[in-house]
Amino acid sequence: MNRPVGIVLVSHSRGLAAGLGELLAQIGSGEVPVVAAGGTTDGGIGTSYDVIANAIAQADHGNGVVVLPDLGSAVLTTRTVLDDHPRPDVALVDAPFVEGAVAAAVTAASGGDLQAIVTAAKEARDVPKF
Amino acid sequence: MSPSSSAQASVVLPAHLHARPAGKLAQSAARFTATIHIGHNGRTVNPTGVLALMSLGATAGTTVTITADGPDAQAAVDTLAEILTTAE
């Protein structure tokens, strides 16, 4: 089986991103490289160019990376990183943070390719919680 | 095995169909070529969707029905039923 697509969780909070990563591991992200990119370099609330760039590099095992932002500057800072390092196999996805990450992780763990994972994460917006 | 077959099973859930078993089901369901559906309380979802599975809100003690159509339908139903009956 191909090496799975990586997932980067970009949040303003280090704890939020790390906690979501723990949840994904419980649901079965398995061999999927999930990397949390939360907070500033000193652990404060905010987003960091360097934290995000390093996380993308760490999550990249050769088959691409899906980046899920929580809000606002998580999107803007990730865009700046991707503008500086444009790559066709790194996708910033507009999806609900928790549900999108769960859908992405399960799809990646099942061997889905980059496009399948992007689609699964986006679909999370249309699936009711209950 | 015939080129096209269908299979069905019902499982009384020993535990809620929450995030962990839903994740297992979705990953397993993606490995079959058969078209699979899981039904609960009048609603039916495609089990490759982990969020859709969780949205069923299926609780312990209730029954879910697995149906599959396709060459590996029986294997799909058996595998998913096993995951559901051993869910914790």
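**Figure 1. Salt bridges in the predicted model.** Over all chains, this predicted model holds four salt bridges. Three residues of chain A, namely A:Asp60, A:Arg87 and A:Asp89, are linked in a network of such bridges. The close-ups that follow begin with a pair from this network and then turn to other charged pairs of chain A.

**Figure 2. Close-up of A:Asp60 and A:Arg87.** Here A:Asp60 and A:Arg87 form a salt bridge, and their closest N and O atoms are 2.9 Å apart. A:Asp60 sits in the loop between α2 (49-59) and β3 of chain A, while A:Arg87 sits in the loop between α3 (72-84) and β4 (90-92) of chain A, so the pair ties together parts that are 27 residues apart in sequence. How accessible are the two partners, A:Asp60 and A:Arg87? A:Asp60 has a relative accessibility of 24%, so it counts as partly exposed. A:Arg87 is partly exposed too, with a relative accessible area of 33%.

**Figure 3. Close-up of A:Asp94 and A:Arg125.** In this view a salt bridge joins A:Asp94 to A:Arg125, with 2.8 Å between the closest N and O atoms. A:Asp94 belongs to the loop between β4 and α4 of chain A and A:Arg125 to the segment after α5 (114-123) of chain A, so this pair ties together parts that are 31 residues apart in sequence. If you look for A:Asp94 on the model, you will find an exposed residue, with a relative accessible area of 55%.

**Figure 4. Close-up of A:Glu99 and A:Lys129.** A:Glu99 and A:Lys129 also form a salt bridge, their closest N and O atoms lying 2.6 Å apart. This pair links distant parts of the chain: A:Glu99 is in helix α4 of chain A and A:Lys129 is in the segment after α5 of chain A, 30 residues apart. A:Lys129 has a relative accessible area of 62% and is exposed.

Figure 5. Staying with helix α4 of chain A, we come to A:Thr107. Is this residue buried or exposed? With a relative accessibility of 18%, A:Thr107 counts as buried, because the cut-off for that class is under 20%. The side chain of A:Thr107 reaches the backbone oxygen of A:Ala103 at 2.7 Å. Leaving aside residues up to four places away in sequence, A:Thr107 touches A:Gly112, A:Ala116, A:Ile117 and A:Ala120.

**Figure 6. Where chain A meets chain B.** The contact draws 14 residues from chain A and twelve residues from chain B. Between them, the two chains bury about 980 Å², with 69% of this area on carbon and sulfur atoms. Which residues of chain A lose the most area to chain B? They are A:Gln26, A:Ile27 and A:Val106, which together account for 40% of what that side buries. Across this interface of chain A and chain B, the rule finds zero salt bridges and two residue pairs in polar contact, both at pLDDT 80 or more. On the chain A side, α1 and α4 (97-109) each supply at least two of the residues that touch chain B. The largest share of that side, five residues, comes from α4(A).

**Figure 7. Strand β1 of chain A and its neighbours.** Strand β1 (residues 6-11) of chain A is mostly covered, with six of its six residues buried. A:Gly6, A:Val8 and A:Val10 point one way from β1(A), whereas A:Ile7, A:Leu9 and A:Ser11 point the other way. Five bridges join β1(A) to strand β3 (residues 65-69) of chain A, and these two strands run parallel; in β3(A), A:Val65 is the bridge partner of A:Gly6. β1(A) is also joined by five bridges to strand β2 (residues 34-38) of chain A, again in parallel. There, A:Gly38 in β2(A) stands opposite A:Ser11. To trace the chain through this view, follow β1(A), helix α1 (residues 14-27) of chain A and β2(A), which make a right-handed β-α-β unit.

Figure 8. Our last stop is in chain B, in the loop between β2 (35-40) and β3 (43-45), where B:Asn41 is found. Although B:Asn41 is not a glycine, its phi is positive, at about 55°. How accessible is B:Asn41? Its relative accessibility is 72%, so B:Asn41 counts as exposed.

Methods. Residues numbered from 1 in each chain as written. Chains lettered and ligands numbered in written order. Predicted model: local features only at pLDDT ≥ 70, side-chain atom pairs only at ≥ 80, totals over all residues. Heavy atoms only, no water. Buried < 20%, exposed > 50% of the residue type's maximum accessible area, 1.4 Å probe, protein only. Helix = DSSP H or I, 4+ residues; strand = E, 2+ residues; numbered from the N terminus. Pairing = 2+ DSSP bridges. Right-handed = clockwise from strand over helix to strand, strands pointing away. Contact = heavy atoms within 4.5 Å. Buried area = accessible area lost by both parts, 1.4 Å probe. Salt bridge = Lys/Arg side-chain N within 4 Å of Asp/Glu carboxyl O. Polar contact = N/O pair within 3.5 Å; in protein donor to acceptor, adjacent residues only side chain to side chain.
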